[in-house]
Each structure stands twice: as C-alpha cells, then as structure tokens.
Amino acid sequence: MLKLFNSLTRTIEEFKPIKPDQVGLYTCGPTVYNYAHIGNLRTMIMSDLLRRVFEYNAYEVKQIMNITDVGHLTSDADTGEDKMEKNAKTKQDVLAIAEKYTKSFLNDLKALNIESPTIMPKASEHVAEQIEMIESLINKGFAYQSDEAVYFDVSKFPEYNKLIGQNLDEMKLGARQEVVQDPKKKNPIDFVLWFKTVGRYENHILRWDSPWGTGFPGWHIECSAMSNKYLGMTFDIHTAGIDLKFPHNTNEIAQSESANGKPFANFWLHGEHLLIQDGRMGKSEGNFITLQTLIDKGFNPLAFRYLVLTSHYRSKLNFTWESLQAAQNALNNLNQEVSSFDEPRVGCAQFEQDFLQAVNNDLDTPKAIAIMWDLIKTDEFPASAKAQTLFKFDQVLGLKLEETWKKSKAIPKEVQKLVDEREEARKTKDFAKSDELRKEIETAGYLLDDTLDGYKIKKKF
Ligand code: AMP
Ligand code: ZN
C-alpha cells in the first residue's frame, strides 16, 4: 500500500489512482529566465522520486512538466516585470533566453538522472488553450474584465483557501494592497488571468490577440490549461515546491475547478525548501548555487541527488559544502562496494520488503538509504544476491549503480595489458616488477586483489 501526505487534506492517505495501474502527474516546472538552482532541482528530484516510486509499484506514469516562458512576474502579486523580459528587447531575445535556460535545465535533469517527463509543454505555445479557459470562466461568471486586465473573482469560489488551510484575512495580502490599484479591481485578492498590453504593460514584448484585446496570460492559468489538455479535468497528483502553495497552486485550483465544475488534482505533494545559511535559496535572493558550480568544484551531480535522498522531502534541508562532501564520500564508498559485486542473482527478499515499505511510507528515503547500507554490510547474503537487490532499489534511488557496476567490469585495454604483464611477472617470480606494475595499475585508477582463485580487479572510487 502506497501512502502519501496529501497537502490538500493535510493527512497521510492511501494513494488510489483514478484509472487502475495508471497515474497522471503534473509538476510545476521552471521559469526559464535564469539557470535553475539546486533548490529548484531538489523539488525536481522529489517529483522524480515520486514518479519512480509509482513505477516501482507497477503504475504507468504520465508526467507533465510545464516550461514557464511568459507571464511570470517578478512579484507574486501580479506586479513588476515579466521575468522573461527583464533582459530582453525583442521577441528574438526572449526566445533565445528561453531556449538557453531550457536547454540548461534539461541538462541538469539528465545529470541528476531525473527521468524525462512524458511531455514538457511551453506556456507560450498554449495561449489558445489559456484563452479558451479564461473565456469559460467569464461565461460562467467567475471572471471579470477591467481596462487593464481580466481578473478571477475570488469571492465566487468559496473554497479558495482550501489548500493553504488559513482564512483569507491571515493570508499574505500586504504586497497586493501596497501597489497602485486598478480602480476596477473588485477585491485585492482577485488575481490576473489576462494582462492587456496597455499602461504599465504597454511595451510587453510577447503578446497575443484575444477577445479582450492584445495581451498576455497571467502565470497561473498556464498550469490549469495545460494540465487540462494533457491529463484531463481531474487527475491524480500534482507536485511543486512549498512556496508555490499560495498563490500559484491555490489559483490553479480556483481556475480549474470553477471552469470545469470538477475536482482538480486528487493529491498534492509539496516539497520543502533547500536552504543556504538557514535562508531559502532563491533566484531572486541572489544566494543561489547551480549544479554546474558543484560539477566545477569536482563533485559528481549524483552526490547532490544522494544528499537530497538523505533528508525527507517534507523537511527543510540546509545545504553546506561539508554535507555535500559527506554525500560524495558516501557515494564513492557505495560505488566502491558495487564494483566488487558478482553477477546479480536471486536477491534478498526481506530487505526488498523493508525497502518497499519505507518508500511506500510517504517516500521515506532516509530510511530507504539506511536499509540499502544494511544490505551492503550484511554477511547473510552473497554479493550476487546483494547486487540483484541493490540494483532493484536503484530503480527508485536513481544513483546509476548498475551502470557503475557494468563500467567497473569493463577494464580498459591498457589496464588489462598491465594486469597480464603482472601475471607474467608473478609466474616468473619477478616480484619487484610485479609490485611496480601493481602501482601502475593503481595510478590508472584500478585496484588489484590477489585471491585464492586468482586476481580480482576493480575500479577505484
Ligand atoms: P521557479 O523556476 O522559480 O518557477 O521554480 C521551480 C520550482 O522550484 C518550484 O516548484 C519551486 O517551488 C521550487 N523551488 C524554488 N526555490 C526552492 C528552494 N529553495 N528549495 C526547493 N524548491 C524550490
Ligand atoms: Zn504551475
């Protein structure tokens, strides 16, 4: 039984899919105006982990992750510049910025062994769908127009605060009240569905024709429109970082449930933040670290994945270089152990059961990692059985252990030549030469063990 903490109900619930054996998963993706930081990537690893746990439980997963390339303003309160246009003068500039950072994001996903989402739709390529949904909201009386924008009328959706679980007065509305108000906006909490390219957005570069004149969509409507298109009105599960609960995810629910008259996502999973020096890592905070920086410092990107797995997704994780180094050391040890494994056979049933229970208990990866180390250290099973089970665990952990094992078995020709020469030297009892050759083999990154059955060679990590 797979249990997950559903942020919508604030309880641990048994996961039940809408269609048997299938899961529709929507993940809020990046705004591609800058490099993703390792905080963003923590949330992507969480969504990947969830997807892998579904697959481990034999579900087929359809995962949609949007690319935000229009409409996300510098402030959540529908004010400020469009993030995508801050450093752009022409449409060509915006497209080039989006392409550059989308490419970099995809490279990050690959380096972290995050499975590719089934579809990654771009907001700017789904404006027709967004317009259609806004029209439907207007027709049903959930939205209204001013000279500047089309707004969602929050007063028409009494369940507006159900995700955040606080009453509306307690919600952070300060920023909205401070800004210059559109005189036709009925309520400060109403949010924008469509910006007209007039007044403060007169020079907005990306613009489309619509029933309300030329303009561009607000940020929240893209996720409602694209999840609708690719997963249907009601789908299984939605993931994002915790900061998106309000206003973004709250507004998605309001838009979709009002337009469709049906529930939106049955489950919501929110990942806690990656912190740095106890503050949230953020693109606008100026304290962010990219995956490339870790790589440039000599870390394996999978060491960051390992670090993320050692904390539960609902706990804050304070990033330090020391903790990353510890994760790198642990990963090196793991790879070292794996490289000495024999051909996988049979497996260790009890460990497999414990592991499944851990990951099915709201993705308890710290426990799953502990079980993995217990497996490696046990004397109860031969290395071939450990290999079989460990490679199975890695379908969830995603640390490329089988790949490491295979690579460690493939000895480069030059190294094999040194090994053969050493065997020859040993046979002729030329121990000085044999020792010399062992050192050369080590320098080439391999370790040689002499056993009763002959030598064993493995890669050094
Ligand atoms: P953005 O590109 O800013 O739209 O964010 C992409 C994803 O990263 C969202 O799900 C955010 O909630 C998430 N996110 C942003 N900052 C952090 C952080 N410091 N730790 C974890 N996730 C974050
Ligand atoms: Zn979203």
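These legends accompany several close-up views of one predicted model.

The model is predicted, so local features need pLDDT of at least 70 and side-chain atom pairs count only at pLDDT 80 or more, while totals for chains, interfaces and linings use all residues. Residues are numbered from 1 along each chain as its sequence is written, chains are lettered from A and ligands numbered from 1 in the order in which they are written, and side-chain values use heavy atoms, with hydrogens and water left out.

View 1. Welcome to the overview, where the C-alpha trace spans about 95 × 50 × 35 Å along its principal axes. The domain assignment gives domain 1 (18-276), domain 2 (297-409) and domain 3 (413-459); such bounds come from an automatic or database assignment. The chain holds 15 helices and 15 strands, taken as DSSP runs numbered from the N terminus (helices H or I, at least four residues; strands E, at least two). Of its 461 residues, 54% are buried, meaning under 20% relative accessible area with a 1.4 Å probe, protein chains only.

**View 2. Where domain 1 meets domain 2.** The C-alpha centres of these two domains lie 34 Å apart. Their contact (heavy atoms within 4.5 Å) takes 24 residues from domain 1 and 29 residues from domain 2. About 2400 Å² is buried between them, with carbon and sulfur atoms giving 67%; this is the accessible area (1.4 Å probe) that the two parts lose on being put together, summed over both. On the domain 1 side, Arg 42, Leu 49 and Tyr 56 lose the most area to domain 2, together 29% of what that side buries.

View 3. Look here for the 2 salt bridges between domain 1 and domain 2, each a side-chain nitrogen of Lys or Arg within 4 Å of a carboxyl oxygen of Asp or Glu. Arg 305 forms a salt bridge with Asp 48, and the closest N and O atoms are 2.9 Å apart.

View 4. Helix H1 (38-56), strand S10 (265-271) and strand S11 (274-276) each give two or more residues to the side of domain 1 that touches domain 2. The largest share, 11 residues, comes from H1.

**View 5. Thr 389 and its neighbours.** Finally, we visit helix H12 (residues 383-397), which contains Thr 389. Thr 389 is buried, with a relative accessible area of 0%. Leaving aside residues up to four places away in sequence, Thr 389 touches Gly 347, Cys 348, Phe 351, Glu 352 and Leu 375.

Note on methods: Buried < 20%, exposed > 50% of the residue type's maximum accessible area, 1.4 Å probe, protein only.
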